[in-house]
Amino acid sequence: MRETTMGSKFVIVYACLFLCFVENMQEARIKLWFFKRYIGDAQGFWHGEKKDPMHFLDSYAKGMKEHIKITSCVSQTDVVFLDLHIFKDVDFDTSHKLSTICHQKELNRYQYMPFSSWHSKQLKEACIIEELRRYILRESNSVGFKKIRLLLFQRLRARGYPTKFLRHCFGKVKYTMRSSFLTKKGVKDKNNPLVLKTYYSQYTQKLGLGKCLDHLHKELQKHKELRHLPRPMVCWKNHRNLRSYLVRTKLKQTSHPPA
């Protein structure tokens with residue numbers, strides 16, 4: 001299902017709260033064995049007759065105002081959710097596992113950052129690598145990844161990217177890395193850091209706050225009750241410039257017109 005209301009920044013928050021309220025009122029939801037929603041897009045799985053999901057969807061959209069439209073699609077073979085196409089492959093009856101490919105809209109023009117842009121090569125390389133990582137996570141089969149990988153290569157060439165640069169970037173991501181991408185990495189340190197936040201200037205720079213905090217941390221390590229505290233760090237922030245004051249200032253209207 002898809003809730004298509006969009007507008008101001010608050011609309012996303014309102015959409016989530018509104019749909020949560022609607023979902024909690026649906027008695028038919030108890031027959032769902034899987035239901036997940038991201039803002040206005042949701043997917044669910046039933047095991048039973050088709051009338052069960054249809055009853056839920058009918059009650060979901062019942063009583064909506066004319067300007068609120070909720071569309072839905074029921075299928076026994078495949079479904080599209082955000083940028084993911086989930087379907088039953090030929091081996092589903094034996095593996096009992098759903099397959100996925102990356103869903104790309106037909107109207108997408110793939111206006112990637114052009115190579116002639118003033119952005120650094122490191123940033124362009126990082127964007128390409130992250131896009132390949134996204135494809136690897138969504139393509140459950142290496143054949144599908146190779147196809148969409150070739151399409152990305154051609155689309156980037158159309159945006160002016162040299163072949164040598166693309167081969168360098170594409171060589172850093174391989175489908176054999178998929179298992180490591182799917183594995184969640186544990187958090188090494190769950191303690192919140194100790195941060196000293198101060199303004200950056202030529203005077204505060206000469207204070208050597210980093211060395212002072214290192215010395216303080218060594219002193220704290222001498223006490224058993226304080227050894228769990230992490231090493232403090234310095235967080236620099238800039239002073240407000242003249243432009244920020246001009247943007248935020250509300251000038252009062254004068255009775256006399258300017259000369």
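What share of the contacts in the chain with a separation of 6 or more is accounted for by residues 24 or more positions apart? In this predicted model, such residues account for 55% of those contacts, where contact means heavy atoms within 4.5 Å. The structure is a prediction in which local features need pLDDT of at least 70 and side-chain atom pairs count only at pLDDT 80 or more, whereas totals for chains, interfaces and linings use all residues. Residues are numbered from 1 along each chain as its sequence is written, and side-chain values use heavy atoms, with hydrogens and water left out.

The chain contains ten helices and nine strands; helices (H or I, at least four residues) and strands (E, at least two) are DSSP runs numbered from the N terminus. Of the 259 residues in the chain, 25% are buried, a class defined by a relative accessible area under 20%, with exposed meaning over 50% and partly exposed in between (1.4 Å probe, protein chains only).

An open sheet of three strands has the order β5-β6-β7 and antiparallel pairing, two strands being paired if DSSP finds at least two bridges between them. Strands β5 and β7 (99–102) stand at the edges with a single partner strand each, so one side of each has no neighbour in the sheet. On average, neighbouring strands of this sheet are turned by 20° against each other, direction ignored; axes are lines fitted to C-alpha atoms, for helices over the stretch in contact, and angles run from 0 to 180 degrees between N-to-C directions.

Strand β5 (residues 78–81) is joined to the antiparallel strand β6 (residues 84–87) by four bridges, and valine 79 stands opposite isoleucine 86 of β6. The two strands β5 and β6 form a hairpin with two residues between them. Leucine 82, located in the loop between β5 and β6, has a phi near 55°, a positive value in a residue other than glycine. Most residues other than glycine have a negative phi. Leucine 82 counts as partly exposed because its relative accessibility is 34%. A positive phi near 55° is also found for isoleucine 39, which lies in the loop between β2 (34–38) and β3 (41–45).

Helix α4 lies across β6 and β7, running at about 155° to β7. Helix α4 (residues 121–138) also packs against helix α5 (residues 142–158) at an angle of about 155°, with the axes 10 Å apart. The two helices α4 and α5 are therefore roughly antiparallel, on a scale where angles under 35 degrees count as roughly parallel, over 145 as roughly antiparallel, 65 to 115 as roughly perpendicular and the rest as oblique. In this packing, Ile128, Glu131, Leu132, Tyr135 and Ile136 of α4 meet Phe145, Ile148, Arg149, Leu152 and Leu156 of α5. By class, the contact of α4 with α5 has eight nonpolar, no polar and two charged residues (Ala, Val, Leu, Ile, Met, Phe, Trp, Tyr, Cys and Pro count as nonpolar, Asp, Glu, Lys and Arg as charged, and the others, Gly among them, as polar).

Histidine 217 lies in helix α9 (residues 209–220) and counts as buried because its relative accessibility is 18%. When residues up to four places away in sequence are not counted, histidine 217 touches Leu229, Pro230, Arg231 and Pro232.
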